[in-house]
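This report is an introduction for a reader who is meeting the structure for the first time. Please keep the sequence and the model in view while reading.

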Amino acid sequence: MSSRVRDAFWRLKKYFGIVVLFLIGFLFFGGLLFTIQENSKFLGALDFTVAATSSDATAILEVGNTAPTVSNVVLNSNGAITLIPNATTSFNISYTITDNNGCADIVTSGVTSTAFRSGVAPTCAVPGPTTNNLNCYLYVTRTTSTCSGSSINATDTVQIYYFAQATDTSSSFPAENWQAFALAVDLANATGSATSSAVQLNTLLAIEVTTSSINYGTVIPGANTGLTNQMTTVQNAGNASTSLRLSGTALTLGVGSIATSSQRYATSSFTFGGDEQLLSGTATEVTGFLLTSPTSTNAVSSIMYWGIGVPTGVS
């Protein structure tokens with residue numbers, strides 16, 4: 001066999017082997033599938049070329065879902081919660097939601113947050129919380145930032161009533177605290193959540209006198225109001241049981257005056273000159289007075305009864 005023929009033979013074997021390897025590779029690797037995001041398939045062309053021969057295949061990439069995560073949950077800027085008497089007070093819950101599938105995968109209408117006393121976490125720090133104005137509050141408003149990367153910052157507002165349960169050392173729950181919970185959901189109903197660090201809700205001792213004045217009418221000098229009493233209503237405007245201390249001043253008109261002690265009071269109706277207490281210029285605890293802490297917006301109140309004696313010589 002001449003050298004020219006021999007060289008042609010070896011070249012033919014070489015190309016034949018390459019073609020065989022190409023065909024085997026195409027049969028085994030011609031269909032490629034990579035899985036990464038739900039319901040999203042990415043397609044790309046693959047071109048297999050050997051010498052002058054080529055063949056095409058398609059690469060398919062399906063992107064899988066990742067659950068959102070919640071981080072940096074903060075209640076009231078990590079400060080103690082101080083309430084306002086006989087009103088609601090607004091406090092913020094801030095947090096960050098991150099979804100590696102992108103911000104568009106976050107279902108903003110499904111995001112929720114709560115503020116709660118730690119003892120009720122099993123029913124409040126959950127999806128579908130059981131709200132209660134004593135200890136579990138659902139957010140009422142929300143503002144969100146624009147998407148940055150795959151994260152959104154949110155700030156929710158809760159409005160807490162004056163009678164919400166305190167957790168400071170003088171309260172009924174000194175071993176507990178208040179926290180915030182935030183939960184996020186994505187288009188695949190996957191969820192992520194987190195809880196804030198603890199803050200205290202302070203005891204609020206407050207009352208509101210709903211009667212603006214006491215009008216004794218006409219009483220002549222040397223006489224008193226007898227069994228006719230005027231009444232004032234005292235309402236608990238805080239979140240703790242409270243007693244009451246009273247003080248006052250003399251009644252004056254020009255250069256004339258009626259002594260402070262001429263006014264008397266009690267927690268039930270009385271006839272002037274009995275066991276009622278005398279008003280003093282020094283704050284004095286009212287005997288038998290106790291307002292329990294409210295548990296709702298229904299007023300917890302008590303009536304004080306008043307009378308006066310007018311000394312002789314007053315005109």
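## A buried asparagine

In this predicted model, N177 has a relative accessible area of 17% and is therefore buried, since the term covers residues under 20%. N177 sits in the loop between β9 and β10, and, when residues up to four places away in sequence are set aside, N177 touches F116, R117, S118, T167, A198, V199 and Q200.

## The nonpolar cores

The largest nonpolar core has 33 residues, and the members that touch the most others are I81, Y95, I160 and W178. Several strands contribute to this core, with at least two residues each coming from β4 (69–75), β5 (88–98), β9 (151–161) and β10 (178–185). Apart from this core lies another, made of 16 residues, among them Y216, L244, Y265 and L279. In soluble globular proteins, nonpolar side chains tend to be buried together.

Which residues does I81 contact, once its neighbours within four places in sequence are left aside? The contacts of I81 are L75, N76, F91, I160, W178, V199, Q200, L201 and N202.

## The loop between β4 and β5

N76, one of the contacts of I81, is found in the loop between β4 and β5, and N76 has a positive phi of about 50° although it is not a glycine. N78 is also found in the loop between β4 and β5, and N78 too has a positive phi, of about 65°, without being a glycine. With a relative accessible area of 45%, N78 is partly exposed, because this value falls between the limits of 20% and 50%.

## An open antiparallel sheet

Five strands form an open sheet, in the order β12-β13-β20-β17-β18, and their pairing is antiparallel. The edges are taken by β12 (207–209) and β18 (277–278), each of which has a single partner strand, so that one side of each is left without a neighbour in the sheet.

Within the sheet, strand β17 (residues 263–266) pairs with strand β20 (residues 301–308) in the antiparallel sense, over four bridges. A266 has Y305, in β20, as its bridge partner.

The largest pocket has a volume of about 360 Å³, and of the 15 residues that line it, L251, I258, V310, V314 and S315 are the closest to its centre. Both β15 (251–253) and β16 (256–258) supply at least two residues of this lining. How does the lining of the largest pocket divide by class? The lining of the largest pocket has nine nonpolar and six polar residues, and no charged residues.

The second largest pocket has a volume of about 210 Å³. Its lining consists of 14 residues, and those nearest its centre are A166, S172, N239, A240 and S293. By class, the lining of the second largest pocket comprises six nonpolar and eight polar residues, with no charged residues.

## An enclosed cavity

A search of the whole structure finds one cavity of 30 Å³ or more, and the largest cavity has a volume of about 50 Å³. Its lining is formed by Y95, I97, I106, T108, V111, R142, T144, I152 and A154, and at least two of the lining residues come from each of β5, β8 (141–144) and β9. These lining residues divide into six nonpolar, two polar and one charged. Y95, which lines this cavity, is also one of the residues that touch the most other members of the largest nonpolar core.

Note on methods
Residues numbered from 1 in each chain as written. Predicted model: local features only at pLDDT ≥ 70, side-chain atom pairs only at ≥ 80, totals over all residues. Heavy atoms only, no water. Core = buried A, V, L, I, M, F, W, Y, C linked by side-chain atoms within 4.5 Å. Buried < 20%, exposed > 50% of the residue type's maximum accessible area, 1.4 Å probe, protein only. Contact = heavy atoms within 4.5 Å. Pairing = 2+ DSSP bridges. 1 Å grid on protein atoms, 1.4 Å probe; cavity = no way out; pocket = protein on both sides within 12 Å on 5 of 7 lines; lining within 4 Å. Points joined across faces, edges and corners; volume = space filled by probe spheres on them. Nonpolar A, V, L, I, M, F, W, Y, C, P; charged D, E, K, R; others polar.
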